[in-house]
Amino acid sequence: MMVDSIGASTSVIGHRLPYQRRICFRDASHKPSRFVRCQLFCKQFMGRRLICSSTTPGTVTMQKFEGFMVSTIKSLAMELTKEAVPSPKDRKMPHDFDYTTDVGLNSGRLWPPSNKADNPKLHNPLLRQERMGCGWLGAIFEWEGVIVEDDPNLEKQAWLVLAQEEGKSPPLALVLKRIEGMKNEQAISEVLCWSRDPSELRRLATRKEEIYQTLQGGGFYQIRSGSQEFISTLVNHKIPIAVASTRPRKNLQEAIEAVGVQSFLNAIVTAEDVYRGKPDPEMFVYAAQLLNFIPERCIVFGNSNSAVEAAHDAHMKCVAVASKHPVYELGAADLVVRRLDELSIVDLKNLADIDSPEFDSGELEVELEEEEDPSRSSSVGVDDFF
């Protein structure tokens, strides 16, 4: 029947149909009974085939008609399409809508969300899926105070002995704290201001390292408690490891071989590889490039605020090891531990989540604007009678 046909074709009525024809229903005697104007496709409806007549254009013969009184089809169709067809305002699609799935083709797409770790150049979908998971991460370690034990007084004594040999005034404790973690040439030229000649800077930096090795006792290193177990856990989970230090490559290689962790390391960054040390992020950025990881998926393990600052400037997360500083002084880090074996792989995966808003510049701008707003100031003006 025609009503059943309309009910079965609700989805068809919801579309814009291209045919506007005059339909004639014929009974068993093949006499025309009623003419109604309607929009229909020539299609199978509920077991009844609508056949276009070749003699009369626009006339459709309906078989198996049983004499049912046809009501107004137009009103019935409008009633059925109220819920099936959205309003014209809701039906409009944004011009920039796209269904692409590759990063970089359309930055305004709605789904899937952009992932910085994704690489559309990879033709292997399993590798792309692995990269986008939070388990795809790299670890960058500082050497002294993180993997091996460190005596911070030796570094200060080396600078004082060098100043005495060169006839310079001994640097203050505040200055020694400032040059902590810097490259030797950088500290001598920018902070101590002893010389700016390149050859003289190399000589002073080499002499300072010789004094440090002498004070240390001939290169004796002791691995920190929990570091060996944590490194083994990273290797078992196939997480690449890099070591970044401002020591010369020769001295660092000897220390790594003495401890016996050279087989666990995938990359080594030394003073010869960078121009500046901490708090400049160059050292950590270069280590991430050697590991072939984006900075957002690298975790830095340091033991000072300069390491935390350098890691955050490189858009990396930082785990601070309280080896020479108390825990409350390292609050700027993402995690603070006393030993590396206090961490788990789950902690590292949570840190490697690139959707976290720690590095969102918009929030920082809002906070600065709120601080600079003079209307919110609670200070009281007081006349100065002096």
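Pro279 lies in the loop between β8 (267-269) and α12 (282-291), where helices (H or I, at least four residues) and strands (E, at least two) are DSSP runs numbered from the N terminus. The peptide bond that joins Lys278 to Pro279 is cis, with omega at about 5°. The model is predicted, and its local features need pLDDT of at least 70, side-chain atom pairs count only at pLDDT 80 or more, and totals for chains, interfaces and linings use all residues. Residues are numbered from 1 along each chain as its sequence is written, and side-chain values use heavy atoms, with hydrogens and water left out.

**The chain as a whole**

- The secondary structure of the protein chain comes to 15 helices and 11 strands.
- Of the 386 residues in the protein chain, 38% are buried; buried means under 20% relative accessible area, exposed over 50%, and partly exposed in between (1.4 Å probe, protein chains only).
- Among contacts in the protein chain with a separation of 6 or more, 60% are accounted for by residues 24 or more positions apart, a contact being heavy atoms within 4.5 Å.

**Loop residues with positive phi**

- Lys238, a residue other than glycine, has a positive phi near 60°.
- The position of Lys238 is the loop between α10 (227-236) and β7 (241-244), and its relative accessibility of 76% makes it exposed.
- Asn292 is not a glycine either, yet its phi is positive at about 65°.
- Asn292 belongs to the loop between α12 and β9 (298-302), and it counts as exposed because its relative accessibility is 60%.

**Packing of α8 against α9**

- Helix α8 (residues 184-192) packs against helix α9 (residues 198-216) at an angle of about 120°, and their axes are 9 Å apart. Axes are lines fitted to C-alpha atoms, for helices over the stretch in contact, and angles run from 0 to 180 degrees between N-to-C directions.
- The angle therefore makes α8 oblique to α9; angles under 35 degrees count as roughly parallel, over 145 as roughly antiparallel, 65 to 115 as roughly perpendicular and the rest as oblique.
- The crossing of α8 past α9 is right-handed. A crossing is left-handed if the near helix is turned anticlockwise from the far one by less than a right angle, and right-handed if clockwise.
- On the α8 side the contact involves Asn184, Glu185, Ile188 and Ser189, which meet Leu201, Arg202, Leu204, Ala205, Lys208 and Glu209 of α9.
- By class, the residues of the contact of α8 with α9 are 4 nonpolar, 2 polar and 4 charged. Ala, Val, Leu, Ile, Met, Phe, Trp, Tyr, Cys and Pro count as nonpolar, Asp, Glu, Lys and Arg as charged, and the others, Gly among them, as polar.
- Glu190 is also part of helix α8, and at 38% relative accessibility it is partly exposed.

**Packing of α6 against α9**

- Helix α6 (residues 152-165) and α9 pack at about 130°, with their axes 9 Å apart; α6 is therefore oblique to α9.
- The passage of α6 across α9 is a right-handed crossing.
- From α6 the contact draws on Leu154, Glu155, Gln157, Ala158, Trp159, Val161, Leu162 and Glu165, and from α9 on Leu204, Arg207, Lys208, Ile211, Tyr212, Leu215 and Gln216.
- The contact of α6 with α9 comprises 9 nonpolar, 2 polar and 4 charged residues.

- Ser227 is in helix α10, and its relative accessible area of 0% makes it buried.
- Not counting residues up to four places away in sequence, Ser227 touches Val146, Ile147 and Leu340.
- Ser227 and Arg339 are 112 residues apart in sequence, whereas their C-alpha atoms are 7.3 Å apart in space.
- Asn251 is in helix α11 (residues 249-259) and counts as buried at 15% relative accessibility.
- Leaving aside neighbours within four places in sequence, Asn251 contacts Glu209 and Gln213.

**Cysteines**

- A disulfide is a covalent bond between the sulfur atoms of two cysteines.
- With a disulfide taken as a pair of cysteine sulfur atoms within 2.5 Å, the count comes to 0 disulfides.
- Cys298 is buried, with a relative accessible area of 0%, and Cys318 is buried at 0% relative accessibility.
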